[in-house]
Amino acid sequence: MAKILGIGNAVLDTVLKVPHAPHDDEELRASERYTQIGGNVSNTLYVLSQLGHDTAICTTTGGDSEAKQLISGLKERNINVDHIQRFIKGRTPCSYINLNAQNGNRAIVHYRDLPELSFDHFAKIEIEEYDWLHFEGRNIANLKGMFNIAKTFLTHQPVSLEVEKPREEIEELLPQANLILFSHHYATAKGHDNGESLLKAMQSKLPNSHLICTWGAKGAWLCPAQGTIQHVPAETVSPIVDTLGAGDTFNAAVIHHLIAGKPLVEAVQAASQLAAQKCLKHGLDNLLTPVEPSSAIANLSQLGTTKTLVVEDKSSGKSVVLIKYENVVKAYLNNCPHQNVPLNEAYKIDVNPFEKTMKCSVHDAFFRIEDGLCIEGPCWDEQLEALEVRTDDKGDIFLL
Ligand code: FRU
C-alpha cells in the first residue's frame, strides 16, 4: 500500500442517459439522471483507493452546497480531503454529461469559474510524507512552481503527469515527470496520427521518463525510460455501457502496477484490462468486482421492421420481444399489461409497418413499436415494459 497525493480537478458530474447523442434543435428524454463525483484526478484516486492505496486530493471547491456534496462524496470514496483549497467566490466545478445508451460513449460539457489551485496552498503540504505524486496537466502556470518544489524536496518518490490536452507551456513540465500519460487528443493536436509517432518525437527529449500514449480502440503505446517503444492492443469487451472515467481508471492501474514493481509493459497491459472492465459497468463503484460476461440474446441479422422476434434471456429467464424500429433495436418484456400473458400466447405478434404498431395475439391490444404504449384495445394507455438492450459491432444484441 502506498500513500498517493493527486493534484487536479474534483468535479460534480451530472449524468443523463440519453437514447442517442442529441443534435441541434432536438428535444430528448433521458432514461436516467444521476450525480456522481468526477474529475480526472479524483477518479484516478478513487480507483487507487479501491486498489488498496491511501489517497489524498489537492484540489479546489467553491463555498456552495455543491462543495459539501463533493467533499462528502470524496470522503465516501476514502480520499483524504485535508488539502482542499476552498474559495468564497466561484462555483464548485460541475460537468453535465450525456451518456449515449446505444454505445456507452459520453459527451462532457464542463463549467468552471473558480480560481485555480494556488502555488502557496500546495507549498504548505508536507509532500515528503507521500510515496507518489500524480498531477493533472492543467493550471500550468502554478504547476511549474509545484513541480519545482517536488523536485527539490522529494528524494525517491515518483511524479506522474497526465497530459490530456495541449496547453500552453505544458511541455516545460515534461522533463520533471517520471511517468507521463499522454492522450490521443494531445498527440493529434501535435500532428501525430498514432501513439508511436508521438513517443518517437518525445523519446529523445525525455530519455529518463516512462512514456505512455493511449489511443482508445487502437490500444496504447509505451516507452520505458531508456527503453524501446512497444504497442499494447486494446482489450475488446462487450457490451460497453459507460466509458466515463475509463482513461482515469487506466492511469490509476498503471501507477498501481508500477508501485508493485511491475515493468511498464505489464503495467500497461493490466491497465488496459481494468479500463476495459470499467466500460462494462456504470460509474466507478466496485470496480474490482468482475462483471459476469453476458451472452447475446439475438443478432441484428435476425431482426427486421415488419416482424417481431421473441427470445428467452437465459440468465434472467425473461421472455423478450425484439423488433427493429428506425435503425434501433426495441425490446419489450413479452407480457401484455391487459391480463399479464405473453403477447404471442394465442398466435404470433402481428406488426403493422404503416401504423408502426404491434398487436397482442390474445385480445388484440395495439402497441406503438416506438415506446410500447397501448393506443387501441383493452389496456388502452398502458405500456409494455421497455427493456434496455445494446448491440455490439458484430450485431450481437445484449440485454442490460
Ligand atoms: C472523466 C472526467 C469527468 C469530468 C471531466 C472533467 O474523465 O474526469 O468525471 O467531468 O472528465 O474534464
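**Aromatic rings in this predicted model**

A search of the whole structure finds four aromatic pairs. This is a predicted model, where local features need pLDDT of at least 70, side-chain atom pairs count only at pLDDT 80 or more, and totals for chains, interfaces and linings use all residues. Residues are numbered from 1 along each chain as its sequence is written, and side-chain values use heavy atoms, with hydrogens and water left out.

Trainee: Which class of pair do F122 and F135 form?

Mentor: Rings of Phe, Tyr and Trp (its six-membered ring) pair if their centres lie within 6.5 Å; planes under 30 degrees apart count as stacked, over 60 as edge-to-face and the rest as tilted. The centres of F122 and F135 are 5.9 Å apart and their planes are at 50°, so the pair is tilted.

Trainee: How many residues apart in sequence are the parts that F135 and F147 tie together?

Mentor: Helices (H or I, at least four residues) and strands (E, at least two) are DSSP runs, numbered from the N terminus. F135 lies in strand β10 and F147 in helix α4 (residues 140-153), so the parts tied together are apart in sequence by 12 residues.

Trainee: Is F147 buried or exposed?

Mentor: Buried means under 20% relative accessible area, exposed over 50%, partly exposed in between (1.4 Å probe, protein chains only). F147 has a relative accessible area of 1%, so this residue is buried.

Trainee: Which residue lies over the face of Y130?

Mentor: A charge sits over a ring if NZ of Lys or CZ of Arg is within 6 Å of the ring centre and within 35 degrees of the ring normal. At 4.9 Å from the ring centre of Y130, the residue over the face is K3.
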